[in-house]
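I opened my notebook to look up a few backbone and packing details. Here is the structure I worked from, followed by my entries.

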Amino acid sequence: MKNRFPKIVQIAIISVYLIFLAGSVVRMTGSGMGCPDWPKCFGYYIPPTSEEQITWQPNTNYKKGIIIIKDEVLFVAEKDIQTATDFNINNWVNYTKHDYAKFNKYHTWTEYINRLASVLSGFVFLFLIYSAFKNRKKDKRITWLAFCAFFLMLFEAWLGKTVVDTNLTPAIITIHMVVGLIIIALLLKLNFIVTDKRTTFKYNSVFNKLLIVSVIFSLIQIAMGTQVRQFIDEQVKLYGFENKNYSLMNPSFKFYFHRSFTIAIVLVNFGMLYLNQIKNLGYKLVNWIVALIFIEVISGILMYYAEIPFGTQAVHLLAGAILFGLQFYLWLQSRKTINN
């Protein structure tokens, strides 16, 4: 397929990983509620930069839908209004989706940049489905995979709104991430189909079994990781984002399982690395997988023993997402082999 479609698929993959990166920065900085509404931010397409903009002011014009903070309560303008010297409750409606009535310009703009990354990815996906439709006669799977990924992106957008409306419910955040990984898998499968250069590898039954085990182990670890993340989120809600030293106080069994299960993951993947080298199987992705596991282990250790240093959460989350992508792509490669 000597056209631009493979490049568009690869750009789409990068755009999704950029969303993972932006989302990890949002979680790392505690900026998830930087914008109380969606898709606007305090009713603006361009977020406010000062608290004065979202604090009720006398003799001021407000457009319909603008959100303000008055006496630590969120209000929404029912219509275009001009305020008088006194606050008129009849012009406003309580914002009832949640009661997070705080403003931090850094959190607001961090969350806004996260949304911009999603919008940018949305445009990329429009090009993707257009190009996939043009290439539909070359392989029927192309259109199916592209449209599935696109509709899941729309579902992700709805989930993003739900995350804001429910004041960062941990379970919904977990679903948000899992759906993102499914989109990555669909795009990687699409990339595997449309890439012209397809290397054929030697088959080794032990390596393939270890690979399947490693994928299953990674899925278990990701599931446990989301549970640990939920526990940290609850601790943050209880003690405040600034008190990160309390984030892993009295952790549950899930945390200890998540930490200890890393040993099994390391052993399995080092076994794959060993076989790949002594059998000369030619899987270059194995080296990158082991490197990412090392990054995951180091960042996990730092988060627990060094009270979550700045940037470690983002590194841990993004490395995990990339690790999943590499393992899935290696699985696709392992299915196209010749006998050793």
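A reminder to myself before I start: a crossing is left-handed if the near helix is turned anticlockwise from the far one by less than a right angle, and right-handed if clockwise. I also kept in mind that this is a predicted model.

**Helix pair.** I looked up how α1 passes α2 and found a left-handed crossing. Helix α1 covers residues 5-29 and helix α2 residues 105-134; their axes are 9 Å apart, at an angle of about 165°. Angles over 145 degrees count as roughly antiparallel, so α1 is roughly antiparallel to α2. I sorted their contact by class and got 16 nonpolar, nine polar and one charged residues.

**Sheet.** Next I traced an open sheet of three strands, in the order β2-β3-β5, with antiparallel pairing. I see β2 (67-70) and β5 (92-94) at the edges; each has a single partner strand, so one side of each lacks a neighbour in the sheet. From one strand to the next, the twist averages 40°. I then checked β3 (residues 73-77) against β5 and found three bridges. Val-76 has Val-93 of β5 as its bridge partner.

Which bond joins Trp-38 and Pro-39? I found a cis peptide bond, with omega about 5°. Phe-42 is not a glycine, yet its phi is positive, near 60°.

**Buried or exposed?** Phe-42 counts as buried at 1% relative accessibility, whereas Asn-280 is exposed at 52%.

Definitions and conventions
Residues are numbered from 1 along each chain as its sequence is written. This is a predicted model: local features need pLDDT of at least 70, side-chain atom pairs count only at pLDDT 80 or more; totals for chains, interfaces and linings use all residues. Side-chain values use heavy atoms; hydrogens and water are left out. Two strands pair if DSSP finds at least two bridges between them. Helices (H or I, at least four residues) and strands (E, at least two) are DSSP runs, numbered from the N terminus. Axes are lines fitted to C-alpha atoms, for helices over the stretch in contact, and angles run from 0 to 180 degrees between N-to-C directions. Angles under 35 degrees count as roughly parallel, over 145 as roughly antiparallel, 65 to 115 as roughly perpendicular and the rest as oblique. Ala, Val, Leu, Ile, Met, Phe, Trp, Tyr, Cys and Pro count as nonpolar, Asp, Glu, Lys and Arg as charged, and the others, Gly among them, as polar. Buried means under 20% relative accessible area, exposed over 50%, partly exposed in between (1.4 Å probe, protein chains only).
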